[in-house]
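Student: Please show me the sequence and the structure, and let me ask about them one piece at a time.

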Amino acid sequence: MALSVKVKPTKNRSTFGRDLTIYDYANSSKCTNRASKLSHKLTVAEIELDSEITADDPDIDHQLAGERGRVGKKRQADETLQMVEYHDYHIDLWFLVAEYIRPEDVCRFALICRKTAEVVQSGRFWSQLYRSYYNHLIELPPRFQPDSMVRLRGLRSAVIRSLFYLYPPFVERLQLASYHNPYRVVGRKLLSVWHKRTKNCWTYYFRLQASSLPGSRPEQSARLQREKKSLAFMQDIYMNPEEGCQILMITTDYLKVIPMYSETLFVKNLTQSLSQSMMRYKVRLELANYCGKRMDEIVFDPTRSVNVLDWWNPEYYKEIDCTSQNDSTVAGPEWTDESDWDD
């Protein structure tokens, strides 16, 4: 059975069935705001005549000069608008303002101007911040006692760690569930792996570190501590061997063998889903090299808990100290080299 189909005619079907050319666009009837390219052609005589008129006519020269003057005036007006008045306060005034800055507002204060950034990078600022919240009724490690806080080396890190003992909002922040989000470890470099048995379960520790930005203050401090070309490294308040480090803790019921990796690996992905029993979680940790190619995948099923400890968390150093006492090969020479900084 044959079917007849009616096609609605279009306005112009002259190009149907063949390729479009540049002349179809140039002579298109739909473009009404400009003349066709083929309707007007300049001859060589017209071009030469136009150039002679432009060169000899004083009225045209006057018109061009007026246009240049308007452009110059507009440029001067733009430069005038770009000039903004501001007040340059002395750095001593910013030191006085810094005495009333809360610990969670240090970053905002440092971003005001260059002088506030210079204030935050000074030992005077961090010493004042420590004295503002020190409480002799709270038990502190020996490193955070007032007698030990007079040293400039590692002062910034020591003050930040002490605030998680002294400052109530920071102490409460450690208990938040979002603070232990395991997905924060994605993209970090794997430094070391160890495990420990606790009662009827096994806890695996993955020590990770975030890459520092080139030219940043922590990166400059790390280079200064490695080179030690001058005595400036003894007064570096940004010295912190654990800058950007985290510990990923995974507790499971079964012992799992973690291979020894000969190359530097990064956490490419971490997924947490329900286990087959629908009562616990299944954690899948994907490791990749610096090119992003997946090298290994570690699966923990089932898991009891997943936790993340940052370098400023008091529990972070308890796990490090306990592990270094049981197995001296895990920590490496970094701990002994910076032993004057630790508790």
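This is a predicted model: local features need pLDDT of at least 70, side-chain atom pairs count only at pLDDT 80 or more; totals for chains, interfaces and linings use all residues.

Student: Within what arc do the buried residues of helix 10 fall?

Tutor: Helices (H or I, at least four residues) and strands (E, at least two) are DSSP runs, numbered from the N terminus. Buried means under 20% relative accessible area, exposed over 50%, and partly exposed in between (1.4 Å probe, protein chains only). In helix 10, residues 217-227, Glu219, Ser221 and Gln225 are buried. They line one face of the helix, because, seen down the axis and taking the directions from the axis to the C-beta atoms, they fall within an arc of 160 degrees.

Student: How many residues of strand 3 are buried?

Tutor: Strand 3 spans residues 245-252. On one side Cys245, Ile247, Met249 and Thr251 are buried, and on the other Gln246, Leu248, Ile250 and Thr252. Both faces are covered, and the count of buried residues is 8 of 8.

Student: Which residue of strand 6 stands opposite Met249?

Tutor: Two strands pair if DSSP finds at least two bridges between them. Strand 3 pairs in the antiparallel sense with strand 2 (residues 201-209) over 8 bridges, and also in the antiparallel sense with strand 6 (residues 294-310) over 7 bridges. Trp202 stands opposite Thr252. In strand 6, the residue opposite Met249 is Asn307.

Student: Why is the pair of Tyr89 and Trp94 given the class it has?

Tutor: Rings of Phe, Tyr and Trp (its six-membered ring) pair if their centres lie within 6.5 Å; planes under 30 degrees apart count as stacked, over 60 as edge-to-face and the rest as tilted. By this rule there are 14 aromatic pairs. The centres of Tyr89 and Trp94 are 6.2 Å apart and the planes stand at 85 degrees, so the class is edge-to-face.

Student: Is Trp94 buried or exposed?

Tutor: Tyr89 is partly exposed, with a relative accessible area of 40%. For Trp94 the relative accessible area is 15%. Trp94 is therefore buried.

Student: The charged end of which residue sits over the ring of Tyr317?

Tutor: A charge sits over a ring if NZ of Lys or CZ of Arg is within 6 Å of the ring centre and within 35 degrees of the ring normal. Over the ring of Phe95, 4.2 Å from its centre, sits the charged end of Arg124. Over the ring of Tyr317, 3.6 Å from its centre, sits that of Arg161.

Terms used. Residues are numbered from 1 along each chain as its sequence is written. Side-chain values use heavy atoms; hydrogens and water are left out.
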